[in-house]
Amino acid sequence: MDGRKPLLIFDTGVGGLSVLRPIRALLPAAPLLYVADNAGYPYGTKRPAEVEARVPALLGRLAERFDPELIVIACNTASTIALDAVRAALDVPIVGTVPAIKPAAALSTTRTIGVLGTPATVVQPYVDRLAAEHASDCIVIRHGSAELVELAEAKLRGEPTARDDYQRVLNGLLGQAGGERIDTVVLACTHFPLVEEELAAAAPRPLRFVDGKEGIARRTAWLLREREWGAEAPEGAAVFTRRDSSWQAYVPGLAQYGLTRVGTL
């Protein structure tokens with residue numbers, strides 16, 4: 001980095017890029033460091049105990065190495081499982097990511113919303129609490145898809161993906177009992193906004209897709225409201241935790257997000 005403390009944006013893969021973009025829009029001169037824990041990828045199919053053990057330990061090492069101004073856990077699975085543990089372990093401001101059930105409930109006219117996340121996220125008690133607190137008058141239908149995470153990763157690598165794949169994922173949600181009434185879908189994984197256009201094109205009817213990336217960006221900017229960054233936008237960096245050459249396939253896609261320095265830990 002350029003010597004200034006970076007904002008560290010963390011995810012198990014490239015999904016957190018959907019959060020990085022609005023942060024960059026609000027804080028254009030802030031130095032951004034994106035960390036993809038591809039050595040632990042994917043979190044969404046792991047046991048919660050594995051995620052809870054891995055994420056605080058890894059973020060602790062990253063904080064020691066990079067001395068970030070703030071850490072954004074741009075991963076719903078990591079946040080719903082390990083956010084409290086991370087905040088207890090680190091003396092760094094932490095911004096988490098949670099499913100956007102509250103805004104979805106406010107938008108739904110049929111009072112039936114879908115939650116599309118990873119298999120690990122959709123079964124978390126935290127999601128139960130969000131639904132009870134903010135969507136108690138709604139039917140909340142959930143579907144966990146590891147496949148959609150893979151599709152988003154493939155898209156960023158520049159690989160073609162098929163409409164049928166997105167239709168299959170949506171059928172897992174809309175095909176459940178009551179799914180015909182869903183009018184609003186929470187994208188409860190940061191990977192999923194990366195393929196929102198593909199989901200909309202594959203949907204059998206118009207659906208609203210809702211996620212929390214703008215709110216995360218606003219929270220990040222508010223926490224750093226007294227920080228002066230200077231006028232010049234620094235070069236962004238991305239780091240992968242697995243020490244092999246797999247990261248090279250992501251370089252062109254990462255450049256679209258202003259991350260032009262890419263490597264491994």
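Residues are numbered from 1 along each chain as its sequence is written. Because the model is predicted, local features need pLDDT of at least 70 and side-chain atom pairs count only at pLDDT 80 or more, while totals for chains, interfaces and linings use all residues; side-chain values use heavy atoms, with hydrogens and water left out.

Helices (H or I, at least four residues) and strands (E, at least two) are DSSP runs, numbered from the N terminus. Two strands pair if DSSP finds at least two bridges between them. Six strands form an open sheet with parallel pairing, in the order S4-S3-S1-S2-S9-S10. Strand S4 (94-95) and strand S10 (259-264) are its edges, each pairing on one side only.

Strand S3 (residues 70-73) is joined to S4 by two bridges. Ile-71 has Ile-94 as its bridge partner in S4, and Val-72 has Val-95. Four bridges join S3 to S1, and these two strands run parallel; here Leu-7 is partnered by Leu-70 of S3. In a regular strand the side chains alternate between the two faces of the sheet. In S3, Leu-70 and Val-72 point one way and Ile-71 and Ile-73 the other, and all are buried (under 20% relative accessible area, with a 1.4 Å probe and protein chains only).

Now for the first helix pair. Axes are lines fitted to C-alpha atoms, for helices over the stretch in contact, and angles run from 0 to 180 degrees between N-to-C directions. The axes of helix H7 (residues 147-156) and helix H8 (residues 163-174) come within 10 Å and cross at roughly 150°. H7 and H8 are therefore roughly antiparallel (over 145 degrees). Glu-147, Leu-148 and Leu-151 of H7 make the contact with Asp-165, Tyr-166, Arg-168 and Val-169 of H8, where contact means heavy atoms within 4.5 Å.

The other pair is helix H1 (residues 17-26) and helix H10 (residues 213-223), which pack at an angle of about 45° with their axes 8 Å apart.

Key: Angles under 35 degrees count as roughly parallel, over 145 as roughly antiparallel, 65 to 115 as roughly perpendicular and the rest as oblique. Buried means under 20% relative accessible area, exposed over 50%, partly exposed in between (1.4 Å probe, protein chains only).
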